[in-house]
Amino acid sequence: MLACSVAGRMKHLAGGAEDLPAIGDWVCLEPGRDGKTGRIVDILPRKSRFIRKVAGGKTQAQVLATNVDIAFLVSGLDGELNPARIERYLVLAREGGAKPIVVLNKTDLCGDIEEAYRLASEAAPGIRLLAMSAKTRDGFAELEGLLKDGVTGALLGSSGVGKSSIVNLFFESERMKVTDTRDADGKGRHTTKHRELLLLPSGGMLIDTPGMRELGLWGEGTAVQEAFDDIEEIGTRCRFRDCHHNTEPGCAVLAALEDGSLDAARYESYQKLQREFEHLKGKYDVFSRLEAKRAAKRLSAIQKRWQKGEE
Ligand code: GDP
Ligand code: ZN
């Protein structure tokens with residue numbers, strides 16, 4: 001393990017915080033002579049990335065995690081399952097470029113698992129569902145089996161659904177102390193160190209950062225279409241190609257709502273998420289694909305210079 005700093009020229013060439021190393025990145029580094037330190041000189045291309053806007057309404061992005069293969073969308077079955085929340089996390093996972101898997105935790109507290117399955121699969125059609133209990137370890141083996149051989153996972157979900165408890169299951173000893181103490185605002189307290197990439201005994205990795213737990217929407221919104229491809233499909237039959245499915249005549253989506261073949265709540269979340277992304281697009285279009293391309297160019301320029309040995 002080396003304590004690393006970011007090379008000066010990398011900081012200099014970075015267009016923003018998103019060009020600097022983040023948790024999950026694979027990097028090139030120059031080891032120091034002392035064997036304990038190193039300098040990060042480059043970041044390898046990212047397979048996926050989770051980004052959020054920096055608090056305070058600035059149009060600044062913070063990279064929360066990169067190279068996440070699987071995003072586990074955790075819900076707790078101790079209360080009522082919230083399909084809208086699952087839909088939201090589904091969009092986030094896809095927007096970040098990770099494969100989503102829905103985890104229904106706390107099966108030991110749930111009387112009607114069938115019903116929970118039904119609700120979850122309605123909210124996440126075609127997405128793999130996994131039910132487990134972090135308390136009894138029931139069903140955990142399936143989750144553990146997915147994080148092998150360098151596969152990186154991340155746990156997403158509201159506070160209290162059992163993310164820390166699940167992390168603990170991977171390790172014999174308690175990795176994080178889960179307490180039953182609750183803050184005044186209802187958020188769980190835990191003693192997680194900030195920003196962690198956990199190497200699991202099963203051979204995979206797990207990214208667990210506080211930021212990942214409170215993901216906001218950030219991105220181009222193409223994932224909304226993917227998550228709601230059933231509605232998009234109906235939309236192909238609208239009279240107008242650019243139909244917003246609001247008030248347009250000949251709208252197939254509105255017709256499906258009318259005849260009950262499309263669920264009203266599902267339509268509502270679809271509309272809401274689309275509006276959120278529209279809003280974001282106008283406000284922060286810093287993360288367009290064009291921008292990503294430019295960043296890649298910048299990185300390769302750094303690489304070339306570095307190869308030539310220029311300081
Ligand atoms: P986090 O905020 O998502 O990290 O949730 P925690 O892991 O802190 O769990 C919140 C509370 O739920 C704690 O009191 C846990 O002991 C409890 N909990 C977590 N998973 C389960 C489960 O599968 N069954 C039961 N009965 N309780 C659980
Ligand atoms: Zn329409």
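Strand E6 (residues 70-76) and strand E9 (residues 152-156) run parallel and are joined by four bridges. Helices (H or I, at least four residues) and strands (E, at least two) are DSSP runs numbered from the N terminus. This is a predicted model, in which local features need pLDDT of at least 70, side-chain atom pairs count only at pLDDT 80 or more, and totals for chains, interfaces and linings use all residues. Residues are numbered from 1 along each chain as its sequence is written.

**Sheet**

- Phe72 stands opposite Leu155 in E9.
- Six strands form an open sheet with mixed pairing, in the order E8-E7-E6-E9-E13-E12; two strands pair if DSSP finds at least two bridges between them.
- Strand E8 (129-131) and strand E12 (196-199) are the edge strands, each pairing on one side only.
- On average, neighbouring strands of this sheet are turned by 25° against each other, direction ignored.

**Helices on the sheet**

- H2 lies across E6, strand E7 (99-105) and E9, and runs at about 165° to E6.
- H3 lies across E7 and E8, at about 155° to E8.
- Angles run from 0 to 180 degrees between N-to-C directions, and axes are lines fitted to C-alpha atoms, for helices over the stretch in contact.

**Helix pair**

- Helix H2 (residues 83-96) packs with helix H3 (residues 113-123) at an angle of about 40°, with the axes 9 Å apart.
- That angle makes H2 oblique to H3.
- Pro83, Ile86, Glu87 and Leu90 in H2 meet Leu119, Ala120 and Ala123 in H3, where contact means heavy atoms within 4.5 Å.

Conventions:
Chains lettered and ligands numbered in written order. Heavy atoms only, no water. Parallel < 35°, antiparallel > 145°, perpendicular 65-115°, else oblique.
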